[in-house]
Amino acid sequence: MSAPAGTFHDRVEKALHDPQLKIALERTTGNARRKRAAAVEAWPEFSAARAAAAAIKDHALAHMAYYLEMFERNALASGAQVHWARDPDEARRIVVEICKAAGAKTVTRSKSMLGEEIGLPHALAEAGLRRVETDLAEHIIQLAGETPSHIIWPAAHRTREDVAKLFDQYHREKPPAHDVVSMVGSARKELRADFFAAEVGISGANFLVAETGAICTITNEGNAELTTTPPRVHIVTAGIEKIVASTEHALQLTRLLVRSATGADLTQYTTFHSGPKRAADRDGPEQFHIVLVDHERTKMLSELPEMLRCLRCGACLNHCVVYRAIGGHAYGGAYPGPMGSVLTPAFDGLQQTRDLPSACTLNGQCKQVCPVDIPLPTMLRHWRSRSWRAGYEPKIAGAAISIWAFVAARPALYQLAQTFALPAMRLFAKAGWISSLPLASGWTAHRDFPKPPRQTFLTMIRKGNRS
Amino acid sequence: MNAREAIFAAINKARTESGASAAIAAEAQACSEAMKRTLPALDLSDLAALFTARAGAEKVGATLERVAALGELPAAVARYVAANNLAPDFAVQPDPRLRQLDWGALRPGAPLRPDSALAVGIALCGVAETGSLVFHSGSEAPTLYEFLPLHHLVALDAQSLLPRLEDYAVFARDLAVPRNVNLVTGASGTTDIEGVLARGAHGPGRLHIVIFN
């Protein structure tokens, strides 16, 4: 498995020159946008529902210690073992130790972004464990030796043609045809035996339910239950911000989460897992471990509190013009897109990741589609200004902005500059668009600039031309 | 300080919590009520009709039929087996209500296997709003019955239908918490290749629901 290499600029450059990537991203995110729009249209009060969902998450976060204690108490009573980890290193060690104590050779995993965040795939490999990813997209990228590029569709960067090549090469039995249904059938066959061979199954959690001590997963393939039920040991890794008060709150949030992610009312499987196999049960694990991970979340309670509402639906990725152009790998962290650009600086440090909050047009689409109304653009601006104040931004950018500010603060000078610039820019326009402009080729290489009008707005007003 | 203490210390530093548990519970209740006020109106006069419309909708993709009583389930299974060219051997969820039915020429004794073609089950209840079947795991409802077969045929008591997800949450409050609660909404599927829906990912490829009175 290889994490994206190079600087942010290198990765963006590579992504923008990959025509296949553009096709794959447009197919997946385009489908997601259309389906979400239809689901939202069928819920006239959706905007009020977003506010209500934000209030449900804020309630849990306002009483975080109270509800986490309640969750722990109820989980322990169900027979679960609860572990706490301050950071990814501690979390990985706990998981690996449980696997070793269970004498595990094969570990199945159902998709968990927290697992990616804490580097679990790598830790399992280092411990000599055979890791089998069971979610279809995770299976695809495991075969390709890649990391996820989307939090809902980890293989969003792969076209069906790519998947056909991978399955032909790696599946014990090649898919009979290369349509999507045949390839899904091939993965079903390929992974069947592994579900029952694994000693340990690892999942994430969409919610930690304080009232019952259960963890909730929202899935659609059935791989999650086949990952967590047959093995002797089930390990859950979850961020502490997943806490909610009750089953009712979890289900109410699920309504918005699923509509925002895939446009469905519910995904196929909404599952609450509580403790190990009961005495009379005929299936289920003998041990049930929950690893609760902080990893900067307690710091975010003060610095970026609204970000802890995030349900990981991926709507902000699907609607982001930047994500749709560069894909997830360019971002370099576990979480891409707008939510990733807020989270990654918190996890990895702003100095190394300051390019992410800048790779944003601030068009506000992400906030508009967020099911829990997270002010993402405001938070991205927060990181920009922090970076500026910390002196991480290059001096040349400061100088350029100072010049611009000098001109912009002097209206006569500003208008004079525009009067010269407009006719000059118009020389480069063809059919209403400028597709290449000297000194701005970095900008125009991947997008076009609209042909400016003959005169500035102010000149037109002054001439009384108001049409 | 161990990890647990450190995390709680950090939370308490960021959030000075106050309020008795009764006040917090009242606040939680107010949050639920506020969400309920935003929900689109539903016609709740006939829950079985609403459930049928939702579970049978294209995006959920279950098939449904109605019978007068549970005693008619074997005949419904026989029709399904014939229509889909399945063998008359199938696994039956170990629920006494199913085991005591007269199965006639069908052979319901097959063990559940990773490649079972058909399993017949019975849901604890259904949620009309979403067309979801609810299963609570236990000696009479092992979890894998919902995930291993390629065809899952489920009996659903019309009397057990609940209007909305919130009603299920209230209903579940009075029951023991099982190891596994599954709300099953349609046959398994995936959109992982280019966002295109394909049925029968790892769970059942077909879900057929028989609603009985």
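A residue is called buried if 20 or more other C-beta atoms lie within 10 Å of its own, exposed if 12 or fewer do, and partly exposed in between. Keep that in mind, because Ala431(A) has 7 C-beta neighbours inside 10 Å and therefore counts as exposed. Please also remember that everything here comes from a predicted model.

Ala431(A) sits in the loop that links strand 11 and strand 12 of chain A. These two strands pair in the antiparallel sense over 2 bridges, and Lys430(A) stands opposite Trp433(A) of strand 12. They belong to an open, antiparallel sheet of 3 strands, in the order 11-12-13. Strand 11 (429–430) and strand 13 (449–450) of chain A each have a single partner strand, so one side of each is left without a neighbour in the sheet. As background, strands of a sheet pair through backbone hydrogen bonds, either parallel or antiparallel.

Where does this sheet belong in the domain assignment of chain A? The assignment gives domain 1 (8–298) and domain 2 (410–462), and strand 11, at 429–430, falls within the bounds of domain 2. The C-alpha centres of the two domains of chain A lie 48 Å apart.

Most residues other than glycine have a negative phi.

## Helix 4 and its surroundings in chain B

Asn85(B) follows helix 4 of chain B, so let us look at that helix next. Which residues of helix 4 (residues 73–83) are buried? They are Leu73(B), Val77(B), Tyr80(B) and Val81(B). Seen down the helix axis, the buried residues of helix 4 of chain B fall within an arc of 100°, so they line one face of the helix. The face turned away from the buried side of helix 4 carries the exposed residues Arg79(B), Ala82(B) and Ala83(B).

What covers the buried residues of helix 4 of chain B? The cover includes strand 1, strand 3 (118–122), strand 6 and strand 11 of chain B.

Strand 11 of chain B (residues 206–212) has 7 of its 7 residues buried, so it is largely enclosed by the rest of the structure. Arg206(B), His208(B), Val210(B) and Phe212(B) point one way from this strand, while Leu207(B), Ile209(B) and Ile211(B) point the other way. Strand 1 (residues 63–67) of chain B runs parallel to strand 11 and is joined to it by 5 bridges, with Glu65(B) partnering Val210(B). Strand 6 (residues 151–157) of chain B also pairs with strand 11 in the parallel sense, over 7 bridges, and Asp157(B) stands opposite Phe212(B).

Phe212(B) is also touched by Glu72(B), which has Val67(B) among its contacts too. Glu72(B) lies in the loop between strand 1 and helix 4 of chain B. With 17 other C-beta atoms within 10 Å, Glu72(B) is partly exposed. Glu72(B) and Trp103(B) are 31 residues apart in sequence, and their C-alpha atoms are 9.7 Å apart in space.

## The core and the meeting of the chains

The largest nonpolar core has 177 residues, and Ile243(A), Val244(A) and Val291(A) touch the most other members. Helix 12 (residues 247–261) of chain A gives the largest share of this core, 7 residues. Among the residues that Val244(A) touches are Ile56(A), Phe207(A) and Leu253(A).

How many residues does each chain bring to the contact? Chain A brings 84 and chain B brings 59. On the side of chain A, helix 10 (residues 180–197) gives the most, with 9 residues. By class, that side has 39 nonpolar, 27 polar and 18 charged residues. Strand pairing crosses between the chains as well: strand 9 (residues 269–273) of chain A and strand 8 (residues 180–184) of chain B pair in the antiparallel sense over 5 bridges. There, His273(A) stands opposite Asn180(B).

Terms used
Residues are numbered from 1 along each chain as its sequence is written. Chains are lettered from A and ligands numbered from 1 in the order in which they are written. This is a predicted model: local features need pLDDT of at least 70, side-chain atom pairs count only at pLDDT 80 or more; totals for chains, interfaces and linings use all residues. Two strands pair if DSSP finds at least two bridges between them. Helices (H or I, at least four residues) and strands (E, at least two) are DSSP runs, numbered from the N terminus. Domain bounds come from an automatic or database domain assignment. A nonpolar core is a set of buried Ala, Val, Leu, Ile, Met, Phe, Trp, Tyr and Cys residues joined through C-beta atoms within 7 Å. Two residues are in contact if their C-beta atoms, placed from the backbone, lie within 7 Å. The arc is that of the directions from the helix axis to the C-beta atoms. Ala, Val, Leu, Ile, Met, Phe, Trp, Tyr, Cys and Pro count as nonpolar, Asp, Glu, Lys and Arg as charged, and the others, Gly among them, as polar. Lists of a residue's contacts leave out its neighbours within four places in sequence.
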